[in-house]
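Dear colleague,

Please find below the structure that I am handing over to you. My notes on it follow directly after.

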Amino acid sequence: MQLSRQVEEKLGSLYRSGGRIVGGVYLGKGQEAFSAALGVQLVEGKDVYGPLIRDQAGRIAFGEPLLDCFRTYLGTATGPMRGRDGNIHRGRPKEGMLAMISHLGALVSVVTGVLFARRLRGSLGDTVGATSIGDGGTSTGAFHEGMNLAAVEKLPLIVSVANNQFAYSTPNSRQFACEDLLLRAEGYGVQGWSVTGTDLASCLKGFRAAVAAARSGGGPQMVVGRMLRLGGHGEHDDASYVPEEARFSHLGQDCLMVAEKTLAARGLASAEVVRGWEQEGRKLIDAAIAQAGREPLPDPYRERWDALSTSHLVEGRSE
Amino acid sequence: MSLTYLEAIREAQYEALRQNPDVFLYGQDIGAFGGAFKATKGLAREFPGRVFDAPISEDAMVGLAVGAAIEGARPILEMQFADFSSVGFNQIVNQAGTQYWRTDVPCPITIRLPSGGTPGSGPFHSQSMESIYAHYPGLVIVTPATVEDAYWMLLDSVELNDPVMFCEHKFLYYHLKADSLGERSLPIGKARIARPGRHATVVTYSAMLHEALKSAEELQLDGYQIEVVDLRSVKPMDTDTILASVARTGRLLAVGESFPWGGVTAEIVARVSAEAFHLLDAPPMRLNSKDTPIPYHPNLWKSHRPTVTTISDAVRRLLRY
């Protein structure tokens, strides 16, 4: 989560300085504890993960190289998306990380489908699938359909619900009418877990239990955490709609500072150790940006403009 | 042996399941019940654990298929009616249609769409969706008009490493019969001259092929030889075969059952106008359904879609020019 914060600070400054980043920047500041706590429970090369907008921390914890992030934000021809898609829309589906589309809730059924096929082919074992959603995304039909389907199939799916109080600018009060999104778990017939979204220890405990339950045949799990997004929807947004009292409430706590205090209090890592991590992180980030920055940008004349893998069915292709 | 168009679709699914353990069927009521039209009759029993009932969740059904395809499976989805695929539209065009291009991972899924009008089916059980889906990149749209094509093109679709919208016409389900399934002949992407002629070309597909062939019979009594082209797949569209036919006849009518604004017939006319303007002896024409929802009562329905009469009238206008 420390590295994630540093990556995102860098992405924000690259965005504001103009020029290098193509398109928007969407950050997960304030949600790192919640996101990373899921990512660290997953095993790269075994589990499947469909991260969403504010999951830089979860991506790093899962094992996504920083280069994938910077290559995609810079739109280089070398990254997994090769300039064809950008920013948070990156992934390597064959390696277990799905590439989200912008339509919220749509990934729930796709992750479920991967698990479904594994069960069909006898390769499910104790693997799990996980994906994320926000408070706003839970209002979509796709989310509902996906949760219901996963529950019917009793597949090992973990869905993390980050209730960061605002879907872009729309507050919870205009998004849903139930008291707590956790209540929905019971309606779907899945196990629900509540964690303190700003507290890494609480997040780790909740996700560890949820992932273990899914791995051992407990069916879909839904983990809900509440926190405040410590920034705008994207870096273009000053989040002026977030009231002062929310910023100063317990939801507005910075999970990174909370985690640092916990680490020090429990004698797990001193402030000096954390500063050391920061320095290492800076080096990793600088190296990744330097490499991505040297790499070629996509060339429209070399681009294969074909949306089908069966090339003889691509219209207008002469071969 | 005599086989209906619907039975051919069932047989193709049987064969796909038999040939490849990665194939599975997923759709509403398709398991023990055998599907609303019985296109999967008995398959759940013959292939235990590979034919699944789905909840009424077209969006999640397609999402599940995409995820399964990423993992190496080859799902065949049944939409109970093509009309309901609009609920899964986002997953079809944005998830399945963009998957390969965005991530380099192919998306081999086949979505069966029981399409088109039948008497008494009304606005929400009669739609033809081929024009809508053809508009989006990353999808293959097949529209079989014969029993043989229903069988072979469904098997071909399952083998393709791309998402295929398999538009099977409900009007042909029961009364279109063939003595045998023949042999695999033309691949997806190739059109067929269903009837040779020299005075005008009618390009069409799916159930409208049979209306066009009847119209050609009728016009022959007046001494006109009408060439009828069966597109078989509307995307990719076999422009070469269309142009070659227009080169022979100099006149073009494109006939389709979907709504008139834009779509497959407009695409045919646009391509011929742009690429073979000099071959045309008359302005190219197109004929589609009317621009209203599809009516319930057979009296209205029969006038809503193109018929032998309206096709013949259009061809006569084309010939008089």
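Chain B exposes about 11,800 Å², and carbon and sulfur atoms supply 55% of that area (Shrake-Rupley method with a 1.4 Å probe; for residues, only the protein chains shown count as cover). This is a predicted model, in which local features need pLDDT of at least 70, side-chain atom pairs count only at pLDDT 80 or more, and totals for chains, interfaces and linings use all residues. Residues are numbered from 1 along each chain as its sequence is written, chains are lettered from A and ligands numbered from 1 in the order in which they are written, and side-chain values use heavy atoms, with hydrogens and water left out.

Of the 321 residues in chain B, 65% are buried, that is, under 20% relative accessible area, with exposed meaning over 50% and partly exposed in between (1.4 Å probe, protein chains only). Chain B contains eleven helices and 14 strands, taken as DSSP runs (helices H or I, at least four residues; strands E, at least two) numbered from the N terminus. Its C-alpha atoms fill a box of roughly 60 × 40 × 40 Å along the principal axes.

Over all chains there are zero disulfides (pairs of cysteine sulfur atoms within 2.5 Å). The sulfur of A:C69 is too far for a bond, because the closest cysteine sulfur, in A:C255, is 17 Å away; A:C69 counts as buried, at 0% relative accessibility. For A:C178, the closest cysteine sulfur is in A:C203, 20 Å away and likewise too far for a bond, while A:C178 counts as partly exposed at 25% relative accessibility.

Yours sincerely
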